[in-house]
Amino acid sequence: MTVIDPTPPTTTATLTIRYFAGARAAAGRSEEIVPAGRSLDDIAADLAESHGERLASVLKVASFLVDGVTCHDRHTPLPAGTTIDVLPPFAGG
């Protein structure tokens, strides 16, 4: 298990997770830094384990943008400097 730390590590091999709406409430923060070089599925599993069932539930139904583009390949390792946006389903008309 990888421990998720909200403070930037001393290495530059990191990526940024940004939470929006219900994901932000479930994570208890708007943003955090995690190690790069792992897949979106691996990162999501670590986030769910680190933050608990409330965020895990949101991550199951969330959409993910990787550097502003919808992510369809959740198995490829993400490079350093990547930004992942976690977007829960939005209600509205």
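In strand β5 (residues 83-87), T83 is the bridge partner of T16. This is a predicted model, in which local features need pLDDT of at least 70 and side-chain atom pairs count only at pLDDT 80 or more, while totals for chains, interfaces and linings use all residues. Residues are numbered from 1 along each chain as its sequence is written, and side-chain values use heavy atoms, with hydrogens and water left out. Strands here are DSSP runs of E with at least two residues, and helices are runs of H or I with at least four, numbered from the N terminus. Two strands pair if DSSP finds at least two bridges between them.

β1 and β5 run parallel and are joined by four bridges. With strand β2 (residues 31-35), β1 pairs in the antiparallel sense over five bridges. T14 stands opposite P35 in β2. Five of the six residues of β1 (residues 14-19) are buried, so this strand is largely enclosed by the rest of the structure; buried means under 20% relative accessible area with a 1.4 Å probe, protein chains only.

The open sheet has five strands in the order β2-β1-β5-β3-β4, with mixed pairing. β2 and β4 (69-70) are at the edges and have a single partner strand each, so one side of each is left without a neighbour in the sheet.

Helix α2 packs on the sheet and touches β1, β2, β3 (63-66) and β5, where contact means heavy atoms within 4.5 Å. The direction of α2 makes about 60° with that of β1; axes are lines fitted to C-alpha atoms, for helices over the stretch in contact, and angles run from 0 to 180 degrees between N-to-C directions.

## The cavity

A search of the whole structure finds one cavity of 30 Å³ or more. On a 1 Å grid over the protein atoms alone, a cavity is a set of points where a 1.4 Å probe fits but cannot get out, and lining residues have an atom within 4 Å of a point. The largest cavity has a volume of about 30 Å³, which is the space filled by probe spheres set on the points, joined across faces, edges and corners.

Its lining consists of I17, L40, I43, A44, L47, F64, I84 and V86. α2 (40-51) and β5 each give two or more residues to this lining.

Key:
Buried means under 20% relative accessible area, exposed over 50%, partly exposed in between (1.4 Å probe, protein chains only). On a 1 Å grid over the protein atoms alone, a cavity is a set of points where a 1.4 Å probe fits but cannot get out, and a pocket is an open set with protein on both sides within 12 Å along at least five of seven lines; lining residues have an atom within 4 Å of a point.
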